[in-house]
Amino acid sequence: MSGWSNGGSNVSYTSFLLVGFPGLQESRALLVIPFLSLYMVIISANALVIHTVAAQRSLHQPMYLLIALLLTVNICAATTVVPAMLFSLSTRFNRVSLPRCLLQMFCIYFLIVFDCNILLVTALDRYVAICYPLHYSEIVTGQLLAGLVGVAAARSTCIVAPVVVLAFRVRFCRSDVIHHFACEHMALMKLSCGDISLNKTVGLTVRIFNRVLDMLLLGASYSRIIHAAFRISSGQARSKALNTCGSHLLVIFTVYSSTMSSSIVYRVARTATQDVHNLLSAFYLLLPCLVHPVIYGARAKEIRQHLLSLFQRAQLQVPTKKPQSLPSYRELPA
């Protein structure tokens with residue numbers, strides 16, 4: 001049975017049943033294999049690029065360290081969502097307490113915002129590297145990089161914490177069933193009774209303000225970067241700078257396009273089924289985790305070269321059975 005908090009008329013559920021894809025009650029177990037396969041691919045691809053950056057001393061530079069951090073966030077984001085989803089799909093029972101539900105909500109949104117903030121730090125790093133190349137090593141030090149990452153984490157916490165704190169103060173008395181595979185904010189708010197206008201206003205304001213400010217900062221940064229790159233006299237250096245910026249811009253496009261499209265469809269497609277909304281949520285949560293290592297592994301020349309050498313060494317180490325040679329005519333028995 002679900003827990004109750006009874007204070008007179010203030011009755012509220014204190015635990016919830018997560019029901020991912022409620023329209024597929026009989027065939028939900030069939031979703032375990034594709035989502036498990038996707039999760040394994042995400043973990044393997046991200047971990048491979050992270051291992052490459054960590055193992056190669058030549059890649060111990062701010063840009064590659066930020067890439068490794070970004071991919072680490074991808075692994076954490078997928079791990080926050082997918083294992084609980086797989087458990088719910090396979091057992092048809094996944095009851096979570098309210099504190100645990102809010103903790104998962106905080107982790108999901110914190111990692112999404114932290115992902116975007118790392119992209120801002122990466123844009124700043126590329127801005128200094130291309131616009132002030134002679135002073136890059138003096139400006140972008142290890143201390144500055146650690147400080148910027150700390151600021152990114154603090155900013156992410158300040159953005160997400162108000163939404164979670166307000167959700168903690170809501171009474172949930174309509175039902176104890178969340179028609180979602182994770183404790184997503186709006187899915188939880190549907191179970192509330194009472195006025196949640198403040199929660200909706202704060203959530204929407206924080207999301208719009210954060211997205212608009214990030215896009216303005218990224219646009220200003222990369223416009224200066226591209227302008228400076230075209231002024232580089234060396235064609236090879238210009239091509240390298242534009243290729244690096246192109247990789248980061250592709251990553252930025254996947255992050256912001258997936259989140260914005262999911263938000264727009266969620267508010268526009270009111271007639272869509274809950275399963276469609278859940279699938280869109282899985283799309284915007286997992287697509288960046290899957291695409292980022294592919295982009296950096298394929299487009300970042302240094303990472304690509306080390307990955308190719310790693311695969312070549314792995315192939316050489318695979319023992320091959322030599323075919324037995326036929327005896328020559330001189331060795332044949334008389």
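Which residues lie nearest the centre of the second largest pocket? Select Arg126, Lys240, Ala241, Thr244 and Glu302, which lie nearest the centre among the 26 residues that line this pocket. The helices that each give two or more residues to this lining are H2 (62-91), H3 (98-131), H8 (235-268), H9 (274-299) and H10 (301-317). Helix H8 gives the most, with nine residues. The volume of the second largest pocket is about 680 Å³, and its lining divides into 13 nonpolar, eight polar and five charged residues.

Some conventions apply to every stop. The model is predicted, so that local features need pLDDT of at least 70 and side-chain atom pairs count only at pLDDT 80 or more, whereas totals for chains, interfaces and linings use all residues. Residues are numbered from 1 along each chain as its sequence is written, and side-chain values use heavy atoms, with hydrogens and water left out. On a 1 Å grid over the protein atoms alone, a cavity is a set of points where a 1.4 Å probe fits but cannot get out, and a pocket is an open set with protein on both sides within 12 Å along at least five of seven lines; lining residues have an atom within 4 Å of a point. Grid points are joined across faces, edges and corners, and a volume is the space filled by probe spheres set on the points. Ala, Val, Leu, Ile, Met, Phe, Trp, Tyr, Cys and Pro count as nonpolar, Asp, Glu, Lys and Arg as charged, and the others, Gly among them, as polar. Helices (H or I, at least four residues) and strands (E, at least two) are DSSP runs, numbered from the N terminus.

For the largest cavity, select Ile112, Asp115, Tyr284, Leu285 and Pro288, which lie nearest its centre among 13 lining residues. Helices H2, H3, H8 and H9 each give two or more residues to this lining, and H9 gives the most, with four. The largest cavity holds about 120 Å³ of space, and its lining has nine nonpolar, three polar and one charged residues.

For the second largest cavity, select Ile108, Tyr109, His180, Ala182, Glu184, Ser281, Tyr284 and Leu285, which line it. Its volume is about 40 Å³. Helices H3 and H9 each supply at least two residues of this lining, and the largest share, three residues, comes from H9.

Stay on H9 and select His292, which lies in that helix. Is His292 buried or exposed? His292 counts as buried because its relative accessibility is 0%; buried means under 20% relative accessible area, with a 1.4 Å probe and protein chains only. Beyond its neighbours within four places in sequence, His292 has contacts (heavy atoms within 4.5 Å) with Leu70, Leu71, Asn74, Asp115, Val251, Thr254 and Val255.

Finally, select helix H1, residues 32-55. Its 24 residues should span 34 Å at 1.5 Å a residue, the expected span being 1.5 Å times one less than the number of residues. The end C-alpha atoms of H1 are 34 Å apart, which agrees. Among the buried residues of H1 are Val32, Phe35, Tyr39 and Ile42.

Buried residues make up 43% of its 334 residues.

Methods:
Buried < 20%, exposed > 50% of the residue type's maximum accessible area, 1.4 Å probe, protein only.
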